[in-house]
Protein chains: 2
Amino acid sequence: MRDAYVIGAGQTDFGSFPNESYRSMFREAFDATRESVDSTVDTDDIDEAFVGMVGIGGRQIGLAGPGATSHLGLNGISTVRLENACASGGFAVRQAVQAVRSGMADVVLAGGIELMNDMSSDAAKYWFGVSGEMEWERMAGTTFSGVFAQMASAHMAEYETTREHLSQISVKSHAYGADNPHAQLGFECSLDQAMSAPDVAAPLNLYHCCPMSDGAATALIVSEDVVDQYTDQPVRVAGVGASSGGIGLFERDTYTSIPATKEAREKAYAEADIENPVESLDFAEVHDCFSIAELIAYEDLGFCAPGEGGTFIAEGHPEPDGDLPVNTSGGLKSKGHPIGATGTGQVVEAFKQLTGRAGDRQLDSPRRGLCHNMGGSGGAVTVHVLERVDSEVSA
Amino acid sequence: MRDAYVIGAGQTDFGSFPNESYRSMFREAFDATRESVDSTVDTDDIDEAFVGMVGIGGRQIGLAGPGATSHLGLNGISTVRLENACASGGFAVRQAVQAVRSGMADVVLAGGIELMNDMSSDAAKYWFGVSGEMEWERMAGTTFSGVFAQMASAHMAEYETTREHLSQISVKSHAYGADNPHAQLGFECSLDQAMSAPDVAAPLNLYHCCPMSDGAATALIVSEDVVDQYTDQPVRVAGVGASSGGIGLFERDTYTSIPATKEAREKAYAEADIENPVESLDFAEVHDCFSIAELIAYEDLGFCAPGEGGTFIAEGHPEPDGDLPVNTSGGLKSKGHPIGATGTGQVVEAFKQLTGRAGDRQLDSPRRGLCHNMGGSGGAVTVHVLERVDSEVSA
């Protein structure tokens, strides 16, 4: 299989942009992506495209993939919209890597878009609900926050996890996000604020939940055969993993772990030859739609043992000076969560960190980072491991 | 690149099934697919899955791919929903071929589902509209039938095309569909009936438009490395082509041709080494959401010259005793059009024809067939060429 590389990645601001369309936001992300590539990428160079979009807003549902790429002047190529709820953007990256590995494409555009503020709040509640299991969960009255509240309650009952742990995660992510000019909620919050916010679905309060966001993010993934034409600072896709499973909590044996995360992790770590992730990785972007999701991800990704997610944050491991900084972008909580764009947006952050473009939140010469993107309450997951390749080494 | 083969394919009846869910229909198609394979396919054998679904009905939108595959007992694999409007099922097959070629998977499930009767007719009209361009066509008042009516009017103005040509196509497809036990409208119609039906969007009448359908179809695509374990009558994917472009008519230079069909055709014919399709192919399943779409497909697929689609049907070429039988399944017009399932359903028909299982509509030992699947009014297209491989030859 041919190796795949990220040669550029960029995004729009995440936030509320009532005057933008899915096309205009996709173009802005694409322009930022092209600018991030060392040399010129012509639209004619691009062989195919994958666009993650759930389609809960932004008007265009059917054919939003070709609608977006055609607007960039990309015609005559295979373009398809992918949807796996909040993991759509991660799967777009995964399928771009597969396209490169297949030999059918040398230069592939992976992207994601979502406009979530382009609707009434009733419609938003309805549509966000469809990312959960519809037939036997949502139609029985569960909300999406309610599903994660159940997971938080179960984790607290089974382990020593507390609301303070959840709030510490939010404080950390907001501190990172305050240094990210693209962040929707780019301000710091105190532990007191994060503890005393109004409940959304107990035990989760407002500071334990990510916002509704508009935004787009794209990345250019190329084959080993052409990477040298575009950059001498390539970022290698060292490992990809994807998995799926029951989309409703009622279909799983556990409320305190996401099986699909573990399965995707195993595949990605095997490809990237990772045994101890805390040693092997220099940072991670994980899927924190709710703070409890980040805490469970620490465990499912093997950063700590099951049940020790609370201790992992309390001891400061994911903080800037910890062994494994997590969500330096601000995460979904502070950076924002335009659901179809989020997974590709994580790759944008990883690309920036690995190529030294992360501004005030830049880590000290990281070599390897992980991106973890989850759909719904865990029905689909991607895990990508990206690594810097020095030109001296690759040459 | 490794060769990909279809080892089995099956579908549900297409029609109106208010008591079914997307899960139950997908299971029925999957069971039929497994039964069509010469030897046993365990669910553990399946490495990944692609599920085409537009999501206009059937309640589950987000994560419908994993929702469907998990219901079959397929957990722990990469599953993703693909959406390219009415070409979603064709892209599911295309991505399954890409997965095999990438070396990441040996056995891949490609499928499509749609439940379109599970909603009010107002909702159906709204949702069907989203397969057209939303921001600048549908919101300006165009309906989906209206878009194809404009194409028909333009074709009639530019060439010698008549309503009788369109009606002859419908008569042919209904004659084929009357022999397909899975067809939704499996009855014959007379030319008089097809000429005098009430208008839907002039010049298109009711017999020039396909129905709203529920249904599912799946196919198992495997690599050359494992094909011999499953069958000694494999069907090779000799060529795949996919393309995309502007999703609105206003974005194109012509109303009488679909550029994406021509581009997808070129790629598929190049892979399959086809210069003269009428000589090289023994049958074709083409995308006839409206009869004018089939007529234009004759031209864009190179079955006849531009403007000669009317003559092509009038001279009987796509009839059972013509040089290139078209839509032996009954096509979208008679077999039905559960939009996410249609592209995979075409592969089901091709598989049956190539392996001698097409019952009363079986052609005489066909060796090569084509499937043409189109999204919206031409924003995305797949073309697949499938061919029978005799075990003596392949061994």
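Reader: How many residues does the contact take from chain A and from chain B?
Author: In this predicted model, the contact takes 48 residues from chain A and 48 residues from chain B.

Reader: Which elements give two or more residues to the side of chain A that touches chain B?
Author: Those elements of chain A are helix 2 (64-71), strand 3 (78-83), helix 3 (88-102) and strand 8 (235-244).

Reader: And which gives the most?
Author: Strand 3 of chain A does, with 6 residues on the side that touches chain B.

Reader: How does that side divide by class?
Author: The side of chain A that touches chain B has 23 polar, 17 nonpolar and 8 charged residues.

Reader: Back to strand 3 of chain A: in what sense does it pair with strand 3 of chain B?
Author: The two strands pair in the antiparallel sense, over 3 bridges. In strand 3 of chain B, Glu83(B) is the residue opposite Arg81(A).

Reader: A change of topic: at what angle do the axes of helix 6 and helix 11 of chain A cross?
Author: The axes of helix 6 (residues 163-177) and helix 11 (residues 291-300) of chain A cross at roughly 95° and come within 9 Å. Helix 6 of chain A is therefore roughly perpendicular to helix 11 of chain A.

Reader: Which residues make that contact?
Author: Helix 6 of chain A contributes His165(A), Leu166(A), Ile169(A) and Ser170(A), while helix 11 of chain A contributes Ser291(A), Ile292(A), Glu294(A) and Leu295(A).

Reader: And how do the residues of this helix contact divide?
Author: Between helix 6 and helix 11 of chain A, the contact residues divide into 4 nonpolar, 3 polar and 1 charged.

Conventions:
Residues are numbered from 1 along each chain as its sequence is written. Chains are lettered from A and ligands numbered from 1 in the order in which they are written. This is a predicted model: local features need pLDDT of at least 70, side-chain atom pairs count only at pLDDT 80 or more; totals for chains, interfaces and linings use all residues. Axes are lines fitted to C-alpha atoms, for helices over the stretch in contact, and angles run from 0 to 180 degrees between N-to-C directions. Helices (H or I, at least four residues) and strands (E, at least two) are DSSP runs, numbered from the N terminus. Angles under 35 degrees count as roughly parallel, over 145 as roughly antiparallel, 65 to 115 as roughly perpendicular and the rest as oblique. Two residues are in contact if their C-beta atoms, placed from the backbone, lie within 7 Å. Ala, Val, Leu, Ile, Met, Phe, Trp, Tyr, Cys and Pro count as nonpolar, Asp, Glu, Lys and Arg as charged, and the others, Gly among them, as polar. Two strands pair if DSSP finds at least two bridges between them.
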